[in-house]
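Welcome! Please take a moment to look over the sequence and the 3D view before reading on.

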Amino acid sequence: MLVEVAMLIYTHFDVSATILGKIDADQQKLIDMAGATVKAVKERDRSDAYAHSDVVVIPNLGWQGTIIPCLEAMASRRPVIVSKASDGYDIVKDGHNGLVIEMTTWNLIEAVKRLYNDRALTKKLGLNAWIS
């Protein structure tokens, strides 16, 4: 889902996306056809990826294990977008240190759009994330 969302966002905004993990061959074909800038990095390089990001999306849909990536992103002064179904929901306070959404393609695009269009909000959420 995240690769597809990254491509949709790319078609509306001048942004690039970094995916933690692998991009499969079919996803890479879609990325290449769209001309999008989406790269994959290894999990061990996620701190560097956070440092070079404006926003961190953790699209976990009910699985556990999102608290550590949330905390790492927040320590990098990055606002986090998380799903209401994730355990990151416990530490991300909507509108204070990130955004909490029902994780659908449309909601994710709208959340990214909101932060893209409001740089002051992005900066405020990132600072609050770091303080949290």
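What follows is a guided walk through this structure, from the overall layout to single side chains.

## The overall layout

A word at the start: this is a predicted model. The protein chain has 132 residues, and 40% of them count as buried. Its accessible surface comes to about 7,600 Å², with 54% of that belonging to carbon and sulfur atoms.

How many helices and strands does the protein chain have? There are 6 helices and 5 strands. If you trace the protein chain from the N terminus, the elements come in the order α-β-α-β-α-β-α-β-β-α-α. Contacts across the sequence are worth a look too: among those between residues at least 6 apart in sequence, 47% join residues at least 24 apart.

## The sheet and the helices that pack on it

Let us turn to the sheet. Strands of a sheet pair through backbone hydrogen bonds, either parallel or antiparallel. Here you can find an open sheet of 3 strands in the order β3-β4-β5, with parallel pairing. Its edge strands are β3 (56-58) and β5 (98-101), each of which pairs on one side only. From one strand to the next, the twist averages 15°.

Strand β4, made of residues 80-83, runs parallel to β5 and is joined to it by 4 bridges. To find the place in the 3D view, look for valine 80, which stands opposite glycine 98 in β5.

Which strands does helix α4 touch? Helix α4 (residues 67-75) packs on the sheet and touches β3 and β4, and its direction makes about 160° with that of β4. Helix α5 (residues 105-117) also packs on the sheet, where it touches β3, β4 and β5. The direction of helix α5 makes about 160° with that of β5.

Next, have a look at helix α2, which spans residues 25-34. At its start, a side-chain oxygen of aspartate 24 reaches to within 3.1 Å of the backbone nitrogen of aspartate 26. After α2 comes glycine 35, with a positive phi near 70°.

Most residues other than glycine have a negative phi, and most peptide bonds are trans. Arginine 77 is not a glycine, yet it has a positive phi of about 65°. You will find arginine 77 in the loop between α4 and β4. Is arginine 77 buried or partly exposed? With a relative accessible area of 40%, arginine 77 is partly exposed.

## Salt bridges

Now for the charged side chains. A search of the whole structure finds 5 salt bridges, and the table shows some of them.

| Residue pair | N to O distance |
|---|---|
| arginine 46 and glutamate 72 | 2.4 Å |
| arginine 119 and aspartate 54 | 3.7 Å |
| glutamate 102 and lysine 84 | 4.0 Å |

Begin with arginine 46 and glutamate 72, whose side chains meet in a salt bridge. This pair links distant parts of the chain: arginine 46 sits in helix α3 (residues 46-51) and glutamate 72 in helix α4, 26 residues apart. Arginine 46 counts as buried at 19% relative accessibility, because buried means under 20% relative accessible area. Glutamate 72, with a relative accessible area of 25%, is partly exposed. Both residues also belong to a network of salt bridges that links Glu43, Arg46 and Glu72.

Move on to the salt bridge between the side chains of arginine 119 and aspartate 54. Arginine 119 lies in helix α6 and aspartate 54 in the loop between α3 and β3, so this pair ties together parts that are 65 residues apart in sequence. Arginine 119 counts as partly exposed, at 45% relative accessibility.

The side chains of glutamate 102 and lysine 84 form another salt bridge. Glutamate 102 is in the loop between β5 and α5, while lysine 84 is in the loop between β4 and β5, and the two are 18 residues apart. Glutamate 102 is partly exposed, with a relative accessible area of 47%, and lysine 84 counts as partly exposed at 42% relative accessibility.

## A buried asparagine

One last stop is helix α6 (residues 119-131), where asparagine 128 is found. Asparagine 128 is buried, with a relative accessible area of 17%. Which residues is asparagine 128 in contact with, leaving aside its neighbours within four places in sequence? They are His96 and Asn97.

Conventions: Residues numbered from 1 in each chain as written. Predicted model: local features only at pLDDT ≥ 70, side-chain atom pairs only at ≥ 80, totals over all residues. Heavy atoms only, no water. Buried < 20%, exposed > 50% of the residue type's maximum accessible area, 1.4 Å probe, protein only. Contact = heavy atoms within 4.5 Å. Areas by Shrake-Rupley, 256 points an atom, 1.4 Å probe, with all protein chains shown as cover. Polar contact = N/O pair within 3.5 Å; in protein donor to acceptor, adjacent residues only side chain to side chain. Pairing = 2+ DSSP bridges. Axes fitted to C-alpha atoms, helices over the stretch in contact; angles between N-to-C directions.
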